Amino acid sequence: MDKPIVLDGIAIAAEIKAEVAGEVAGLAFKPGLAVILVGNVAASEIYVRSKVKTCGELGIYSEMITPPETVTTEDLLALVAELNGRDEIDGILIQLPLPAHVDTKRLLEAVAPEKDVDGFHPVNVGRLQSGQPGLQPCTPAGVMEMLTRRGISVAGKSAVVIGRSDIVGKPMAMLLLNASATVTVCHSKTANLAAYTQQADLLVAAIGRPGYVTEDMVKQGAVVIDVGINRVTSEEKVKEFFGDDAGRAATFAKRGSVVVGDVHPEAFRASSAYTPVPGGVGALTIAMLMANTVKAAKLRRSV
C-alpha cells in the first residue's frame, strides 16, 4: 500500500484564514467577536489569547471580557444580554469549561442564535439537523472543510464517529450524514467497537482517550481523522506511543509532557490519509471560528 497522506491542518487553516482576511478587507464594516473568559484557567487563557490575536491578524474587531471566578450565572446572563444588543458585536463565544456553580446550558442558550459562533444554540443545532444554512460547531466544520479541500469525498462511504459529545461527535455525525455518508456513532457503551471501526472508510475519533484506537481497529486504506488532544506525562507512555522517536523524547524532556491523539500513532500505517496530532484538526478550530464570525456578520446584515 502507498504511504499515507498526511492531512496538514496548519496548511489548511492558513488557507482558510487568508480567505477570511480577504473577505474582511472587502466588507464595508468590521466584523466583531466578543470572547467571555471566566476565571484564571491557564489553558483557556492561552487559547483565548490565540483567538484574539488571530482576529487582529485578519482584521476582525475583538473584545476579551474576563469576569472573576466568583461571577454568578445571573451576572453572566446580563453580560450576554448586553452583548446580544450591541450591533458591532457579531459573534459571542463563551470559553468552556465554566466554573461548576455556573449554569452552562442556560448561558449558552442565552446567546442570540445569530451571534452563536460556536454553533451550540438549540436553534443552530436544529438548523444543522435539518440541513439548513446556519452557524456550525467549529471543529466538525473544520473536519469537513479539510476533507473537501483535499478532495476526499464521503458520499456513499461508511463513516464511523467514535464519541457522542454535543461539541464534536453529534454534529460531526450530522455533517457527514448531510454529505451523504452512511454514519455510525459509537461511544463508551458500544459493544465490540472494533467490529464497527474495521468497516469504516472514514474513521473519526473524538473520545478523549490517548491512543485508544489501535492499528487492528482500522480498515486498510481508511481515512482517519483524529480529533483527540491528550497530554501524556509519563516517560513509559511516551515510549509506548512513540517508541524511540527522538523528537517526542526531546519534547518530553523539555516540557514534561507530549501530546497524543485518540488514535495510536502506529494505527496511521493502515490508513490512506490521516490527521497528525498536533498539527491536524486542532489547527482548524480557530480558523473556522474566524470564518463563522464573518459569516454571522454577513448573515446579520444580509450581505
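Two strands pair if DSSP finds at least two bridges between them, strands (E, at least two residues) and helices (H or I, at least four) being DSSP runs numbered from the N terminus. The model is predicted, so that local features need pLDDT of at least 70 and side-chain atom pairs count only at pLDDT 80 or more, while totals for chains, interfaces and linings use all residues. Residues are numbered from 1 along each chain as its sequence is written, and side-chain values use heavy atoms, with hydrogens and water left out.

**View 1. An open sheet of 3 strands in the order E3-E2-E4.** The pairing is parallel, and strand E3 (61-65) and strand E4 (91-94) form the edges, each pairing on one side only. Strand E2 (residues 32-36) joins E3 in the parallel sense over 5 bridges, with isoleucine 65 of E3 as the bridge partner of isoleucine 36.

**View 2. Helices H2 and H3 on the strands.** Helix H2 (residues 42-58) lies across E2, E3 and E4 and runs at about 160 degrees to E3, where angles run from 0 to 180 degrees between N-to-C directions and axes are lines fitted to C-alpha atoms, for helices over the stretch in contact. Helix H3 (residues 73-85) also lies across E2, E3 and E4, running at about 180 degrees to E2.

**View 3. The packing of helix H1 (residues 9-25) with helix H11 (residues 282-300).** Their axes are 8 Å apart at an angle of about 20 degrees, which makes H1 roughly parallel to H11 (angles under 35 degrees count as roughly parallel). Residues of H1 including Ile16 and Val20 meet residues of H11 including Ala287 and Val294, contact meaning heavy atoms within 4.5 Å.

Notes:
Parallel < 35°, antiparallel > 145°, perpendicular 65-115°, else oblique.
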